[in-house]
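Trainee: I've got a structure open and I'd like to learn how to read it. Can we go through some features together?
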Amino acid sequence: HIPYSDERIALMVADYYRRAGLPPEYEKRIKHVLPGRPVSVQQQLWLADYYSQVLHKWDRSEEIFRQLIQQNPNNVRAYSGLFHMYKISKQYNKGIQLLEDWMLHHPMDSTAKKELDIMKKLAASDTAGNLSPNIIPEK
């Protein structure tokens with residue numbers, strides 16, 4: 001295996017395998033990433049979105065978004081990405097908690113309020129349908 005200079009390049013190569021119809025080998029490729037190379041905030045956002053939207057690796061996506069929020073609690077893009085990851089992965093209770101935390105510091109955010117109401121309805125209907133909230137199998 002060739003070592004990659006950062007996680008993004010390793011994922012891009014793995015995506016080429018996926019698009020070619022070959023088994024996803026991103027996990028093998030990630031093992032060969034050289035540590036220590038700084039990755040920009042924009043690249044970290046890209047990685048978190050990629051893990052969420054393409055690979056459905058919710059834990060890794062959440063980890064990256066949480067690190068970005070910890071570095072900059074006002075990073076709207078990281079909050080938004082994490083919220084959307086919770087929504088598509090049906091982790092409704094986590095999404096509700098995230099939005100409630102956001103609303104404590106941004107009480108006038110009408111979009112967040114609307115999304116919070118939607119998320120609460122999704123959580124209620126998910127629970128009513130006897131589905132297990134906050135759990136979705138990773139691919």
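Predicted model: local features only at pLDDT ≥ 70, side-chain atom pairs only at ≥ 80, totals over all residues.

Trainee: How are helices α3 and α5 oriented to each other?

Mentor: General idea first: two packed helices are described by the angle between their axes and the distance between the axes. Here, helix α3 (residues 41-53) and helix α5 (residues 76-88) pack at about 5 degrees, and their axes are 10 Å apart. An angle under 35 degrees counts as roughly parallel, so α3 and α5 are roughly parallel to each other.

Trainee: Which residues make the contact between α3 and α5?

Mentor: From α3 you have Leu45, Asp49, Ser52 and Gln53, and from α5 there are Arg77, Ala78, Met85 and Ile88. Sort the residues of this contact by type and you get 4 nonpolar, 2 polar and 2 charged.

Trainee: Let's pick one of them. Is aspartate 49 buried or exposed?

Mentor: For that, look at the relative accessible area: under 20% means buried. Aspartate 49, which lies in helix α3, has 16%, so aspartate 49 is buried. Setting aside neighbours within four places in sequence, aspartate 49 is in contact with Val54, Phe65 and Arg77.

Trainee: And what about glutamine 42, buried or exposed?

Mentor: Glutamine 42 is in helix α3, and with a relative accessible area of 59% it is exposed.

Trainee: Where does serine 61 lie, and what is its relative accessible area?

Mentor: Serine 61 lies in helix α4 (residues 58-71). The value is 0%, so serine 61 is buried. Leaving out neighbours within four places in sequence, its contacts are Ala48, Tyr51, Ser52 and Met85.

Trainee: Now backbone angles. What is the phi of histidine 56?

Mentor: The background is that most residues other than glycine have a negative phi. Histidine 56 isn't a glycine, yet its phi is positive, about 55 degrees. You'll find histidine 56 in the loop between α3 and α4, and at 17% relative accessibility it counts as buried.

Trainee: What is phi near in lysine 90?

Mentor: Phi of lysine 90 is near 60 degrees, again a positive value in a residue other than glycine. Lysine 90 sits in the loop between α5 and α6 (92-105), and its relative accessible area of 38% makes it partly exposed.

Terms used
Residues numbered from 1 in each chain as written. Heavy atoms only, no water. Axes fitted to C-alpha atoms, helices over the stretch in contact; angles between N-to-C directions. Helix = DSSP H or I, 4+ residues; strand = E, 2+ residues; numbered from the N terminus. Parallel < 35°, antiparallel > 145°, perpendicular 65-115°, else oblique. Contact = heavy atoms within 4.5 Å. Nonpolar A, V, L, I, M, F, W, Y, C, P; charged D, E, K, R; others polar. Buried < 20%, exposed > 50% of the residue type's maximum accessible area, 1.4 Å probe, protein only.
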